[in-house]
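Me: I'm new to this one. Can you walk me through it?

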There are 2 protein chains.
Amino acid sequence: MKRENVIALSGGVGGAKLADGLVQAVGDGRLTVVVNTGDDFNHLGLHISPDVDTALYTLGGLANPETGWGRRDETWTFMAALAQLGGESWFRLGDGDLAIHVERTRRLAAGETLSAIIADFARRLGISAHIVPMSDQALRTRVHCDEGVFDFQDYFVRLQCRPLTRSIEFVVAPDARPSSAVEQALADEALGAIVICPSNPYLSIAPMLAVPGLRERLRAAGVPIVAVSPIVGGAAVKGPTAKIMRELGVPVSADAIAHHYGDLLDGFILDVRDAALQGHITVPVHITDTLMLSAADRTRVAAETLGFAATLRQSA
Amino acid sequence: MKRENVIALSGGVGGAKLADGLVQAVGDGRLTVVVNTGDDFNHLGLHISPDVDTALYTLGGLANPETGWGRRDETWTFMAALAQLGGESWFRLGDGDLAIHVERTRRLAAGETLSAIIADFARRLGISAHIVPMSDQALRTRVHCDEGVFDFQDYFVRLQCRPLTRSIEFVVAPDARPSSAVEQALADEALGAIVICPSNPYLSIAPMLAVPGLRERLRAAGVPIVAVSPIVGGAAVKGPTAKIMRELGVPVSADAIAHHYGDLLDGFILDVRDAALQGHITVPVHITDTLMLSAADRTRVAAETLGFAATLRQSA
């Protein structure tokens, strides 16, 4: 049995880009993208799963290349009409994007699991990877700030990450556990590598590792776990990663990310701009240009990541 | 006290046109449009009130002049995306139209009454009339046909009224009663007339008269009740009125409508094309051109209706 299956842990935009590269690098059906649902929230009565939808849109070829979030060819008639009726307008929902929220909410209310719904959406969008939520139960990220405690989207979108972060809390449902699709992918004998995408370690990857049992199960899979650095040249490629590291008192550098993941890691992909930090990282390191500006970049970084993981498997 | 207030009972498009004319004919705040909610239904998890929205859009100047339903300047991105995800697409929801369904559903779930929500929407849309649902409790129209029993929208939209109608049933919630806004308008000493708009008597007006106590309260208001014929020249101006009359074994003629309303009526507005039927109608009749093709038509028919009601009040 060739160990060709890959699991990727992904948050939003940065993670989805690498996942898109991984889809090209592995065969049909061999990639499982485990997606953060700690950012999920109920808004206007709709169940919104921002990271799951970013994965679906990116891998389905529907992502908006300009904004990095939402759908391409989007219209905004709903938001204008909602504002006219006095509805909340701080969270921008495009007309096409609304469909996934309305249909997901309807199917959840009908008793389907989030996993089953997302699997069906992925199939209909022609996606060959398995896109699976980290859990079918609720685990919600709350950000403790100088100005108060905020639900994640409140902090991230409404307040645009302006308050100073003191700590990050995960409110875990009593029955929260890894989704069965995650368990299945981890138990598959063809699994060859686990990739932690260059998503925010504190806001996007940490919620996954907080799902009771998931961190242990990742380790128990017995395959190399490799993280791609979200810090490039001492700055975050996108989003509030650097700001949050500063506010949490962590140096904004790639080696701090490797240190943060600790014994979860078997290897670390360091950006070429940060090559000087290699000596501060205790696991094997692969150095490359990790910036993914083009589709070719995504495929190259993905292929290098998998190649690196394969060498770790052989040397184990 | 001048008895200048007017109550109009309205279903969908035809009723909303006359209500729009009545708004011009009476002073600000003096018109109450009581709207059928027997067609309300839950679709995709959203509470949809087709006739209420037609009233809001028509009186708010937002109606789509081409379709007769929905909003003008509408886009359809949501429906395309929903179809892509395998969602139900037989009921066409425009992107702008969605806003009213999502916001109404959210506010109902938060415990507000339909009346309060609609009143707020009307205020925000700059509508000077009071638009009030017939009831804040559920009364649902079901159509018994040769092919089975259908919820109203199933019959009306999905099946496009194709099955043969045998009878019409109203499923009334145990606590159903006229909304308090209807009660208030009926109790107002300034009330001078009640107008039954040229809506479908069987599908749009009958549900209102089936709200426990509403028919009696209309009569008890002690003001003239005048209906405008929805049958013109032996045919329905719009919709399935004529088809349903045939299938229920009722002659498709304006006098059959007057007979259908029976002792509820004090007067009847007959179209000039049906003037020959005047002798078959037992209440006072006013004859005019009732077709409302232009905004001027709406105002004229409204003014004539109110003038006729005033003569009935004086002769009482």
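## A first look

Me: What kind of model is this?
Reply: This is a predicted model.

Me: Okay. How many helices and strands does chain A have?
Reply: Chain A has 12 helices and 14 strands. Its radius of gyration is 19 Å, close to the 20 Å that the globule rule gives for 316 residues, so chain A is as compact as a globular protein of that length.

Me: And what does the C-alpha trace of chain A span along its principal axes?
Reply: About 60 × 45 × 40 Å.

Me: What share of its residues count as buried?
Reply: In chain A, 56% of the 316 residues do.

Me: What about contacts along the sequence?
Reply: Take the contacts in chain A between residues at least 6 apart in sequence. Of these, 68% join residues at least 24 apart.

Me: Switching to the surface. How much of the accessible surface of chain A belongs to carbon and sulfur atoms?
Reply: Carbon and sulfur atoms hold 51% of about 12400 Å².

Me: And the charges? How far apart are the mean positions of the positive and negative ones in chain A?
Reply: They are 1 Å apart. Chain A has 28 positive and 36 negative charges.

Me: Why say the copies meet through the same surface?
Reply: Because 100% of the interface residues of chain B are also interface residues in chain A.

Methods
Residues are numbered from 1 along each chain as its sequence is written. Chains are lettered from A and ligands numbered from 1 in the order in which they are written. This is a predicted model: local features need pLDDT of at least 70, side-chain atom pairs count only at pLDDT 80 or more; totals for chains, interfaces and linings use all residues. Side-chain values use heavy atoms; hydrogens and water are left out. Helices (H or I, at least four residues) and strands (E, at least two) are DSSP runs, numbered from the N terminus. The radius of gyration is taken over C-alpha atoms; the globule rule is 2.2 Å times the number of residues to the power 0.38. Buried means under 20% relative accessible area, exposed over 50%, partly exposed in between (1.4 Å probe, protein chains only). Contact means heavy atoms within 4.5 Å. Accessible areas come from the Shrake-Rupley method with a 1.4 Å probe; for residues, only the protein chains shown count as cover. Lys and Arg count as positive and Asp and Glu as negative; His and the chain ends are not counted. The place of a charge is taken as NZ of Lys, CZ of Arg, CG of Asp or CD of Glu.
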